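Subject: Structure handover

Hello,

Here is the structure I promised to pass on. Please open it first, then read my notes below.

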Amino acid sequence: MSSMYPRTKELSRTRKSLSDSPPSSPSPTAKNFRHDRASRLDSGGGDSRAEPLGRTSSYTRRETRLAALNKHEDDTSSRDYKKMYEDALAENDKLKSRLDDSKQELTKIRTQLDKVTQKQDRLSERSTVLESEKREKQALEKRVTDMEEELKEAARVRNFRCGYQP
């Protein structure tokens, strides 16, 4: 009676179950169907005893090939990572040396700036002192001239009192 079921109904059930799964990851049953179909095609439809041998040999060949590819990828990727790590270390060393050089140059520039600042402070102090000394000198010169005039005046007054006329 199973032959009484219409075939379309079974297909619609399988289609529905296949369409429920996402297209990028087929269901395990669909994978098995494909695998069986591919293995039957690989075996050439020959003897049933030859079929497992063909599958086994294709599996071992495939596994060997994948292992070799993975090993090669691992070797190249580990070499690449090692080379990248060494390159990064070398670049870090270069950058550290440049940073040290920059720090030393900065220290030199700061000391030079401090020296120039101190020199300017001294010069400004000197100029202030010089200006005050100039004022004092002018004041003293004025006082000396005033005293000289007073002396001359005092000498004239004394001479006038004494009756001496030059």
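How many residues apart in helix α3 are Glu153 and Arg156? They are three residues apart, so about one helical turn separates them. Keep that spacing in mind, as I return to this pair below.

First, a caution. This is a predicted model. The mean pLDDT of the protein is 75. Of its residues, 60% reach 70 or more. Confidence is highest in helix α3, residues 50-162, at a mean of 86. It is lowest in helix α1, residues 7-20, at a mean of 50. Over residues 45-51, the pLDDT is below 50. Beyond near neighbours in sequence, that stretch has three contacts in the model. Where pLDDT is low, the predicted coordinates should not be read in detail.

Next, the overall layout. The protein has three helices and zero strands. From the N terminus on, the order is α-α-α. The protein has 166 residues, and 2% of them count as buried.

Now the salt bridges. The structure holds three of them. Here they are, one by one.

Lys83 and Asp87: their side chains meet in a salt bridge, at 3.5 Å from N to O. The two residues sit four apart in helix α3, so they are separated by about one helical turn. Asp87 is partly exposed, because its relative accessibility is 41%, and the cut-offs for that class are 20% and 50%.

Glu131 and Arg135: this pair also forms a salt bridge, and the closest N and O atoms are 3.7 Å apart. Here too, the residues are four apart in helix α3, which means a separation of about one helical turn. Glu131 counts as partly exposed, at 44% relative accessibility. Arg135 is exposed, with a relative accessible area of 55%.

Glu153 and Arg156: this is the pair from my opening question. Their side chains meet in a salt bridge, at 3.6 Å from N to O. Glu153 has a relative accessibility of 42% and counts as partly exposed. Arg156 has a relative accessible area of 54%, so Arg156 is exposed.

Is Arg135 buried or exposed? Arg135 is exposed, at 55%.

To start, find helix α3, at residues 50-162. Then look for Lys83 and Asp87, four residues apart in helix α3. After that, go on to Glu131 and Arg135, and finish with Glu153 and Arg156.

Best wishes

How values were computed: Residues are numbered from 1 along each chain as its sequence is written. This is a predicted model: local features need pLDDT of at least 70, side-chain atom pairs count only at pLDDT 80 or more; totals for chains, interfaces and linings use all residues. Side-chain values use heavy atoms; hydrogens and water are left out. pLDDT is the predictor's confidence in each residue, from 0 to 100. Contact means heavy atoms within 4.5 Å. A salt bridge is a side-chain nitrogen of Lys or Arg within 4 Å of a carboxyl oxygen of Asp or Glu. Buried means under 20% relative accessible area, exposed over 50%, partly exposed in between (1.4 Å probe, protein chains only).
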